[in-house]
Amino acid sequence: MLMRGGTSKGAYFLAEDLPAEPALRDDLLLRIMGSPDDRQIDGLGGAHPLTSKVAVISPSADPKADVDYLFLQVAVERAEVSDRQNCGNILAGVGPFAVERGLVPAGEKDTSVRIRMVNSGDLATATFPTPGGRVDYAGDAEISGVPGTAAPVVLEFPPGGGELLPTGNAVDVIDGVEVTCVDNGMPTVLIAATSLDVTGYEPPRDLEEDVALADRLRTIRAAAGRLMGLGDVSDATVPKLTLLAPPRDGGAVTTRTFIPVRCHTSIGVLGAASVAAGLRIEGGVGTGIAAIDPRSDRVRIEHPTGFLDIESSVAAAPEGSPSARRTAVVRTARKIFDGTVFPRAADRPSGAHR
């Protein structure tokens, strides 16, 4: 099933319909999505990381979850499939898909699906309308980066067991730049845009074409990955790097996020959850940049194509690191088509012919 989830698009599969062996599964997915090819002309992929994603769904053995969700990022220009991160946008389609495939019974009005994100072990609950016991994708919820309206999918994340500040510090200094390393569902590095000699309001393409900026970001990401306990991240898509600037349109902050070298045209759900929590860290790099209302849990994060609202609260521990108390977001999802995909044939050995 091809679905839009939030501001991403991907192919959703039942785990039982794919090879159990990861190497065989990944080879098949590369051929289904059309990678490696910068146009993905021979597959389902849309020639961008945001449209070259896969969700693998199965019943969960965890008593706290109904289904397991494995997210796989299929590289566009490389023969690479990565399971080293979650995706909160594709997550928005997991609940509806589980109902469509009969993994979870639908309620008469709404349905809540408890989801275990296999990549990290974290949990989420997706709640969406199912009038008459059928998923209804039509509605009046709007999200930036997606035309029109659709039914709301409320994603709620219980407090996780990991460290909100993986390095134990509100601020670390990497390559002479102050950063805040935060993980509230997605390892993310917050950086004041001006500390890298940009404004943070530039169009994504302009930032991508800035060679000097790319070199600085590459250096910072490599060092931050080690500090955050992620090891060598040269072949990984995490941690994300988010540049912060003061808000322009009534939100809390303006952002530009890199995934890892392409500049996101919006912002990922879990990345936004980490940004929202990171802005509430006393003494973090967001201090003096973000306009946070201490009376409200809502944080509006501005991005290149609009904004994303996150409900986020952080508990300040008397001793030790602060921790996330609540994180929730409204997304939308839509079933685009349901059918049979015919993968590109496996490459023949060199010199082979018909």
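This is a predicted model: local features need pLDDT of at least 70, side-chain atom pairs count only at pLDDT 80 or more; totals for chains, interfaces and linings use all residues.
Residues are numbered from 1 along each chain as its sequence is written, and side-chain values use heavy atoms, with hydrogens and water left out.

**Stop 1: the largest pocket**

Select Thr237, Ile259, Pro260, Val261 and Arg262, the lining residues that lie nearest the centre of the largest pocket. A pocket here is an open set of points on a 1 Å grid over the protein atoms alone, where a 1.4 Å probe fits, with protein on both sides within 12 Å along at least five of seven lines; lining residues have an atom within 4 Å of a point. The volume is about 940 Å³, counted as the space filled by probe spheres set on the points, which are joined across faces, edges and corners.

Now show the whole lining, which has 50 residues. Colour α5 (211–227), the helix that gives the largest share, seven residues. Other elements that each supply at least two residues include β4 (67–74), β12 (240–245) and α6 (269–279). Helices (H or I, at least four residues) and strands (E, at least two) are DSSP runs, numbered from the N terminus. Colouring by class gives 22 nonpolar, 14 polar and 14 charged residues. In this scheme Ala, Val, Leu, Ile, Met, Phe, Trp, Tyr, Cys and Pro count as nonpolar, Asp, Glu, Lys and Arg as charged, and the others, Gly among them, as polar.

**Stop 2: the second largest pocket**

Next, find the second largest pocket, with about 670 Å³ of space. Of its 33 lining residues, select Ser120, Asp122, Asp183, Asn184 and Gly185, the closest to its centre. Strand β16 (323–337) supplies at least two lining residues, as do β7 (122–129) and α6; the largest share, four residues, comes from β16.

**Stop 3: strand β11**

Keep Gly185 selected: in the hairpin of β10 and β11, with three residues between the strands, Gly185 takes a positive phi near 115°. From there, move on to β11 (residues 187–192), where six of the six residues are buried, so the strand is largely enclosed by the rest of the structure. Buried means under 20% relative accessible area (1.4 Å probe, protein chains only), against over 50% for exposed and in between for partly exposed. Pro187, Val189 and Ile191 are on one side of β11, and Thr188, Leu190 and Ala192 on the other.

**Stop 4: Cys87**

Go to the loop between β5 (81–82) and α2, where Cys87 sits. Is Cys87 buried or exposed? At 4% relative accessibility, Cys87 counts as buried. Show its contacts (heavy atoms within 4.5 Å): not counting residues up to four places away in sequence, Cys87 touches Ser8, Lys53, Tyr69, Phe71 and Leu270.

**Stop 5: an aromatic pair**

Finish at the one aromatic pair in the structure. Tyr12 and Phe97 form this pair, tilted, at 5.9 Å centre to centre with 35° between the planes. Rings of Phe, Tyr and Trp (its six-membered ring) pair if their centres lie within 6.5 Å; planes under 30 degrees apart count as stacked, over 60 as edge-to-face and the rest as tilted. Tyr12 lies in strand β2 (residues 8–14) and Phe97 in helix α3 (residues 94–100), so the pair ties together parts that are 85 residues apart in sequence.

Methods
Two strands pair if DSSP finds at least two bridges between them.
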